[in-house]
Structures are given as C-alpha cells and as structure tokens.
Amino acid sequence: MQPRSFASLMEAYERVISRPNPVNERFYNGLFTRYENPVLTRQHIPPFWMYDANPDTNPYMMQRLPVNATFNSGAIKVGGKYCLVVRVEGQDRKSFFAVAESDKPTEGFRFRDYPVVLPDTCAVKVGQSPTSDSDCVQSPSEAIDAANAVGMAEETNVYDMRLTQHEDGWIYGVFCSESKDTTSSDLSAAVAAAGIVRTKDLETWERLPNLKTLRSPQQRNVVLHPEFVEGKYAFYTRPMDDFIETGSGGGIGFGLCEDITNAVIDEEKIISARKYHTITESKNGAGAVPIKCDKGWIHIAHGVRNTAAGLRYVLYAFMTSLEDPAKVIAEPSGMLLGPLGNERIGDVSNVVFTNGAIADADGKVYIYYASSDTRLHVAETDINRLCDYLLNTPEDPLRSVDCVKQRCELIAKNLAFLKK
C-alpha cells in the first residue's frame with residue numbers, strides 16, 4: 001500500500017464538503033422532500049482530527065484516532081447559519097459533540113476546528129466546582145460529594161443533544177449522560193440521566209446539574225420546551241426503569257421545574273403514551289424541540305417496536321395545545337418517516353432518529369434525522385404541510401378491522417370524486 005500524502009486527504013475532504021446535494025426526485029409523498037446524499041458522514045470529519053499530519057511521526061499516514069459515525073444531531077440557527085451539534089462516535093465507541101455549520105440547510109456542512117469541550121464532571125479538584133469556579137470545594141471528600149450531588153461523577157459517555165433557544169435568552173443543550181451502573185455485576189449495565197448545558201454562542205458551554213426526576217430512576221430523550229409554562233421551565237421526558245427498557249415508563253412525559261440551575265421534577269404526566277401493536281409499542285421519545293405555529297406546538301418524536309430483526313425506530317408527529325403544551329390535540333396514525341434504501345444499513349440497522357429540526361422564518365422546516373446510527377440526513381417540509389398532516393390525517397384506530405374500514409372509506413370517497 002502506497003502511503004497517501006496529507007495534502008491528498010485534505011483535497012478529498014474538501015470535495016466531500018463541496019458536493020451538491022440534489023433532491024431525491026424518485027421519492028414523493030406530498031409531505032416532505034428527501035435528498036440524495038446525507039448532510040454529514042464520517043467523510044465530513046476533518047483529516048486533522050484523525051491523522052497525525054507529520055510524515056516524520058506518521059510515515060504510513062495512517063489514522064491515529066479514527067471516527068466511526070456522525071449522527072443524532074441537535075439543530076439550531078445562530079447568526080444566520082444552520083448549526084448542528086452532532087454526535088460523533090470514535091472507533092473506541094465513545095461519543096462526543098461537535099458543531100458543524102453551513103450557510104445552506106441541506107449541504108455544505110463543515111465542522112469547526114475543534115469539537116465541543118464540555119466541563120469534565122469526573123475531574124472535580126480541590127478548589128473547584130463541578131459546574132463553575134465560583135463555588136469552590138475545599139477538600140477531596142467535598143469534591144467527590146459535589147460531583148455526586150449533580151449526578152455525574154462517573155459519567156462515561158454523552159450523546160444526542162437537543163438544542164433549545166429558550167425565552168430566558170440562553171441556548172440550552174439537553175443530552176444523555178451515561179455512566180456505569182455500579183449496583184450491577186453486569187459489565188454492560190448502565191445508568192442514563194439527562195445532562196444540561198447552556199451557551200450563548202455554541203462555543204463556551206456552562207455545565208448545569210443533571211435533571212432529577214423524583215419518580216423515574218432513569219431518563220433519556222429529554223427535551224426542554226422553549227417557553228415558560230406557568231412561569232416554570234418545562235421538560236418533555238421519557239421515564240425509564242432501566243437503561244434500555246422503559247419498563248413501567250408509559251411514554252413521553254411532561255414535567256415542570258422551578259430552577260433550571262438545579263432542575264428537579266416531581267410529577268411527570270404522560271402525554272404521548274405507548275400503545276399495543278403500534279409504532280410506539282416498545283418505547284417512544286421526544287425528538288426535536290417543539291415548533292410553534294398558529295395551530296399549536298408541532299412535535300417530531302421517535303417510536304420503537306420490536307421485530308424479529310431487532311428494534312425498529314421510526315419518526316412520528318403529534319401536536320399539543322398552545323395554551324397547554326401538555327395536552328395533545330392531534331396525533332396522526334403511523335409513522336412520519338422511516339428508513340428507505342441505504343438508510344436501512346449501518347451500525348444499528350433499520351433505524352431513523354431525530355433530535356433536531358430548524359424552522360425558518362419563511363415557513364420551511366428542515367428535519368435532521370440519522371439513519372442506522374451511522375450518518376445524518378435532512379428532510380425538507382414546511383409549517384403548512386405539517387399542520388395539514390397533523391390535523392387532517394386520521395388517527396390510528398388500533399384494530400385491523402377498523403383500519404380496513406378507515407381505508408375503504410377513503411377509497412369510496414376517491415372513487416365517487418373521480419366519477420364526477
């Protein structure tokens with residue numbers, strides 16, 4: 001094998017960044033547009049993140065710190081740019097966050113020179129606080145107690161950040177904070193919590209204590225509502241009994257807390273319940289931050305069902321009331337978006353997942369979704385189409401006989417119309 005020059009690697013990288021992303025003309029459903037190429041893949045990772053560029057210390061020009069996947073991205077528009085806070089997974093299985101940005105919503109995304117550096121929750125030292133330098137601890141035992149108090153002393157992995165531009169002026173990132181379950185002898189046993197950071201510019205990040213839900217031992221897929229509700233911070237939660245299985249967790253929850261800097265939720269109300277023999281039978285979770293329109297709050301979530309080939313993740317949508325964001329007013333039957341073609345192939349096959357969407361001022365909406373835990377795509381729609389879909393698509397009648405009846409009614413209506 002002839003070693004490549006670092007310059008040639010950079011040239012190949014620039015070709016990937018500048019590649020056009022045409023509309024997939026073969027796909028049509030009247031609701032959203034798909035694009036031919038993913039917006040981010042591991043080929044979008046800058047070579048200087050992976051290679052030692054110096055041929056004296058890397059004579060074979062091999063990757064020293066390879067990247068496996070780029071997926072599950074929060075999304076927000078900042079300073080006129082489309083910004084994605086991406087889950088980047090190294091070949092060591094550890095995930096971290098990185099900001100990719102573009103002037104266009106569907107192509108040209110480029111990672112900033114450095115990934116996001118979050119405060120190290122396991123490196124609390126004497127004289128420091130786990131969240132800031134203002135409240136210092138004075139001894140090693142106090143340092144340990146301080147880190148434990150915010151629920152993140154043994155954090156191992158972070159992923160799937162949701163970005164909320166809140167009316168209080170901060171951009172909040174809520175993500176999964178994973179740690180080893182030290183109460184179990186199972187080496188793979190883990191604990192999931194909702195980590196919280198905030199920023200003004202996606203450059204400097206302040207770590208806040210993890211969300212505490214007093215009635216749910218674990219949390220994932222937590223989203224912060226962008227407005228105060230009853231003067232409080234509102235979260236969409238996913239109560240869980242353990243790291244993988246939701247157990248008694250009934251679906252997507254909703255809860256309020258007084259103080260975001262010490263977020264504690266007592267009561268969680270289930271607003272989008274899991275249902276037998278539907279796309280949410282195994283579990284479901286909030287996805288993108290809700291989008292406000294004149295009809296209500298648009299939610300794009302994920303639903304999971306078990307199959308002989310494993311868990312299948314798809315996206316679905318529902319709408320909640322403007323006056324009461326915990327009240328569902330529309331929930332169409334079935335999935336909004338599922339994996340197609342090569343999207344079905346990857347590290348965790350037959351999966352789509354979203355934790356980010358951007359609604360532009362012109363009404364267009366860009367849903368950033370990952371396929372098979374490997375790459376990131378975008379689907380384009382608009383507020384009017386989403387509202388029509390949500391408010392005029394029938395609900396799931398939950399039984400085959402009623403589903404057939406529902407379809408026959410549509411057929412009869414169409415045949416009558418076509419005979420006019």
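**Cysteines**

I looked up C408 and its closest cysteine sulfur, which sits in C403 at 11 Å, too far for a bond. A disulfide needs two cysteine sulfur atoms within 2.5 Å. I found zero disulfides in the structure. This is a predicted model, where local features need pLDDT of at least 70 and side-chain atom pairs count only at pLDDT 80 or more, while totals for chains, interfaces and linings use all residues. Residues are numbered from 1 along each chain as its sequence is written, and side-chain values use heavy atoms, leaving out hydrogens and water.

Next I checked exposure. Buried means under 20% relative accessible area, exposed means over 50%, and partly exposed lies in between (1.4 Å probe, protein chains only). C408 is partly exposed at 43%. C83 is buried at 1%.

**Helix α1**

I took helices (H or I, at least four residues) and strands (E, at least two) as DSSP runs, numbered from the N terminus. How far apart are the end C-alpha atoms of α1? They are 17 Å apart, which agrees with the 16 Å that its 12 residues should span at 1.5 Å a residue. That expected span is 1.5 Å times one less than the number of residues.

I listed the buried residues of α1: F6, S8, L9, Y13, V16 and I17. They pack against β5 (110-111). Contact here means heavy atoms within 4.5 Å.

**Nonpolar cores**

A nonpolar core is a set of buried Ala, Val, Leu, Ile, Met, Phe, Trp, Tyr and Cys residues joined through side-chain atoms within 4.5 Å. I found 28 residues in the largest one. L40, L84, F109, F111 and Y368 have the most contacts inside it. Elements giving two or more residues to this core include α1 (6-17), β3 (81-90) and β24 (364-371).

I then followed F109. Leaving out residues up to four places away in sequence, F109 touches several residues, among them I17, L40, L84 and Y368. A second, separate core has 24 residues, including A330, V352, I367 and L390.

**S282**

Where does S282 lie? I found S282 in the loop between β17 (269-273) and β18 (283-286). Is S282 buried or exposed? S282 is buried, with a relative accessible area of 16%. I also checked G251, 31 residues from S282 along the chain. Their C-alpha atoms are separated by 9.4 Å.
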